[in-house]
Amino acid sequence: MTDAVGDHPQYDVFADDYLDHAEAGFFNAHYDRPACLDLLGEVDGMTILDAACGPGLYAEELTARGAEVIGCDQSTRMVELARQRVPAGTFNIHDLARPLGWLGDRSIDRVLFALALEYLDDRVAALREFRRVLRPDGALVLSRPHPTGDWIRHGGNYFEPRVISETWSRGWRLRYWLTPLEQTCEELHQAGFLVERLLEPRPAAEAAALDADKYERLHREPLGFLTIRAIPDPRLGI
């Protein structure tokens, strides 16, 4: 993750605001987190890498379900918030553009990579690191913006990968990649994964009370996120 706002990684600037937004917000609490947790499955007794862990919202739930969570994030403030929220977890400041040198081969049961793939310039390198640290019977669960929704919003050539820099409604300045679904699947393949399941999730039922119009629209149109569970390709023997 290479973008910065001023002298700070982009999420350092609005980490606390992001926590306030994501803790109980429509898209995070009632849409992405339930889908990711569903694909992770039973985690009791497992060791989970929460990559790009943010303020620890996923880690909190995983710990409550009996997992040992090791998290990392490029943002110093996000790591501080995660440590405060999940004292039982282990959280490191780490840029996923660099190898996970502090984790051994085949040391992790599950990797969670929620809504962060699009911020990486070299996604295959990071995915290969996830492949390296996963046990042979492990799994990677990642979520990303739905590429169809991205294309509807930004237009242009759906199949042409490109970088978007924009300021969101809360004043958050972001730089991220638009890529087609085909490319995400190909990058997983290049990194040594097989796609086991792919979900186009719908918001949880309780989200209807937060925003009925948004709830209904996301049950009709692919404008939000998608979630993938991928497993190490056993044919590679690594």
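Helices here are DSSP runs of H or I with at least four residues, strands are DSSP runs of E with at least two, and both are numbered from the N terminus. With that in hand, the tour can start. This is a predicted model, in which local features need pLDDT of at least 70, side-chain atom pairs count only at pLDDT 80 or more, and totals for chains, interfaces and linings use all residues. Residues are numbered from 1 along each chain as its sequence is written, and side-chain values use heavy atoms, with hydrogens and water left out.

**Stop 1**

Select Leu115, in the loop between β6 and α5 (123–133). Its phi is near 50°, a positive value in a residue other than glycine. Leu115 counts as buried because its relative accessibility is 16%; buried means under 20% relative accessible area, exposed means over 50%, and partly exposed is in between, using a 1.4 Å probe and protein chains only.

Now jump to Ala52, which sits in the loop between β3 (47–51) and α3. Ala52 is also not a glycine, and its phi is positive, near 60°. With a relative accessible area of 15%, Ala52 is buried.

**Stop 2: helices α1 and α4**

Highlight α1 (residues 10–22) and α4 (residues 76–85), whose axes come within 7 Å and cross at roughly 35°. Axes are lines fitted to C-alpha atoms, for helices over the stretch in contact, and angles run from 0 to 180 degrees between N-to-C directions. Show the side chains where they meet: Tyr11, Asp12, Ala15, Asp16, Tyr18 and Leu19 from α1, with Thr76, Arg77, Met78, Leu81 and Arg85 from α4. Contact means heavy atoms within 4.5 Å. Sorted by class, the residues of this contact are six nonpolar, one polar and four charged. Here Ala, Val, Leu, Ile, Met, Phe, Trp, Tyr, Cys and Pro count as nonpolar, Asp, Glu, Lys and Arg as charged, and the others, Gly among them, as polar.

**Stop 3: helices α2 and α3**

Next, pick α2 (residues 26–40) and α3 (residues 57–64): their axes come within 11 Å and cross at roughly 40°. That angle makes α2 oblique to α3; under 35 degrees counts as roughly parallel, over 145 as roughly antiparallel, 65 to 115 as roughly perpendicular, and the rest as oblique. Which residues make the contact? On α2 they are Asp32, Arg33, Cys36, Leu37 and Leu40, and on α3 they are Leu57, Tyr58, Glu61 and Leu62. This contact of α2 with α3 has six nonpolar, no polar and three charged residues.

**Stop 4: Phe91**

Move to Phe91 in strand β5. Is this residue buried or exposed? Phe91 is buried, with a relative accessible area of 4%. Leaving out residues up to four places away in sequence, Phe91 touches Cys53, Ala59, Gly71, Val79, Ala82, Arg83 and Val86.

**Stop 5: Ser107**

Select Ser107, in the loop between β5 (90–93) and β6 (108–114). Ser107 is partly exposed, at 23% relative accessible area. Beyond residues up to four places away in sequence, Ser107 touches Thr47, Val133 and Arg135.

**Stop 6: His146**

Finish at His146, in the loop between β7 (134–145) and α6 (147–154). His146 counts as buried, at 5% relative accessibility. Apart from neighbours within four places in sequence, His146 is in contact with Glu200, Pro222, Gly224, Phe225 and Leu226.
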